[in-house]
Amino acid sequence: MDQTEPVILRSLTDEAIGERRQVLLAPDGRALSLRLHRWSWEGRKARWGETYAARVRTLDKSRRGAHLDLGLKDEMGFLPLNQSGGVRLGDNAVSLQEGALVHVEVRREAARGKQPVLRLLSAAAPEGFSALGRVDTRDKPFDLDARSDEGAREAADAALEGLTSRQAPIPGGGMLIIEPTSAMVAIDVDAAGRKGSGDAERFARELNVAAVLEIVRQVRLRALGGLIVVDFVSMRQEESRKAVSAAFKIALHTLPWQVQIAPMSRFGVIECAIEQLLTPLHEILLGPDGRINAESVALDLLRAIEREAAVYGGRRILARAPSVALDWLNADLPQWRDALQSRIGPRFEVQAAEMPLGKFDVHAL
């Protein structure tokens, strides 16, 4: 009997200043997923899998949910209620009272302007906790002197390359156009110069099957979820449509999240619902205007200074960056100078400059 060899994935962690980046690599070296954990989120953002001692602030039966204070600066949590206003706890349903201190787990991170979704662990405060706060986390504590896995920084940088672009190339030719909106994620499959054999039906089928694998990789890499609508290149034959639908279904079930998929419509469109557990990366990296935000620029700047210092050992490093990025560093990451000095020594200078957000200049003197 033939035995399929197990797929060996490699996980690398980059301990950058201000941000931990964890990248999962396929055997071919391409990134499958990228998780970010920023120092600035401590005390401000709830992370998937964390548990909290939380206080019930309001019971909103019209929305079938309770709003809970997690002790965080930026976020409240939402705990779903059943029709009678109770919360499932094991095989039972319990009633909550406003003001009660309870033990909850973060089931979904904040996404698309919605609060983190919680799961009740206990209707009583966790043992040893009499006030709000995080009880447990999946992530290890930050360490100013933590070192990255070998090759992790390069792998994380490569994974981020083009991640916020609305376009993603399909191996072998063709392009995906990815458009996240507040209601759904729309993905269009485009031939974009891909060469075919002259058989239009075969060309469309092969392009769509190739697109399937890249769609699933991009969904996982970008941490997309919710309703996803894919518009495939039109195919006339039912056999072709079934082949693409089957390939998409198989690929979707490689995701580590729950998935529901609808049949392909006569217009070549497939809708699927993917469990949204993580904050999409574009919401982390970009501002509301769709451009890179000050925090992302500031953290890129610190990595660039480290890279330059590693190449030009002993030489002084001068960095020039937009003032808004430096303002963010000084206000939201006050320990950045100490962290950078512990890694490269006191041989750097950072100056504010008039340049577009997203641009900076780093060079050795």
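1. For the residue classes used in this note, Ala, Val, Leu, Ile, Met, Phe, Trp, Tyr, Cys and Pro count as nonpolar, Asp, Glu, Lys and Arg as charged, and the others, Gly among them, as polar. On that scheme, the lining of the largest cavity has six nonpolar, one polar and three charged residues.

2. The model is a predicted one, in which local features need pLDDT of at least 70 and side-chain atom pairs count only at pLDDT 80 or more, whereas totals for chains, interfaces and linings use all residues. Residues are numbered from 1 along each chain as its sequence is written, and side-chain values use heavy atoms, with hydrogens and water left out.

3. As to the chain as a whole, there are seven helices and 20 strands, where helices (H or I, at least four residues) and strands (E, at least two) are DSSP runs, numbered from the N terminus. The C-alpha trace spans about 65 × 65 × 50 Å along its principal axes. Of the 365 residues, 47% count as buried, and here buried means under 20% relative accessible area, exposed over 50%, and partly exposed in between (1.4 Å probe, protein chains only).

4. The accessible surface of the protein chain comes to about 18900 Å², and 49% of this belongs to carbon and sulfur atoms; the areas come from the Shrake-Rupley method with a 1.4 Å probe, and for residues only the protein chains shown count as cover. Among contacts between residues at least 6 apart in sequence, 65% join residues at least 24 apart, a contact being heavy atoms within 4.5 Å.

5. Rolling a probe the size of a water molecule over the atoms shows where empty space is left. A cavity is a set of points, on a 1 Å grid over the protein atoms alone, where a 1.4 Å probe fits but cannot get out, and its lining residues have an atom within 4 Å of a point. Grid points are joined across faces, edges and corners, and a volume is the space filled by probe spheres set on the points. The structure holds one cavity of 30 Å³ or more, and the volume of the largest cavity is about 70 Å³.

6. Which residues line the largest cavity? They are Leu34, Arg35, Leu36, Arg47, Glu109, Ala223, Leu278, Thr279, Leu281 and Ile284.

7. Residues up to four places away in sequence aside, histidine 37 touches Glu19, Arg20, Glu42, Arg47, Asp139 and Phe142. Histidine 37 and glycine 18 are 19 residues apart in sequence, with 8.6 Å between their C-alpha atoms.

8. Alanine 110 sits in the loop between strand S9 (101-108) and strand S10 (117-122) and counts as buried at 14% relative accessibility. Apart from neighbours within four places in sequence, this alanine is in contact with Lys45, Glu75, Gln115, Pro116 and Thr279. Arginine 112 is placed in the loop between S9 and S10; its phi is near 55 degrees, a positive value in a residue other than glycine, and at 24% relative accessibility arginine 112 counts as partly exposed.

9. A positive phi of about 55 degrees is also found at arginine 64, which is not a glycine. This arginine is in the loop between strand S4 (51-60) and S5 and counts as partly exposed at 45% relative accessibility. Histidine 67, in strand S5 (residues 65-69), is buried, with a relative accessible area of 13%, and among the residues it touches outside four places in sequence are Arg55, Met76, Phe78 and Gln115.

Key:
1 Å grid on protein atoms, 1.4 Å probe; cavity = no way out; pocket = protein on both sides within 12 Å on 5 of 7 lines; lining within 4 Å.
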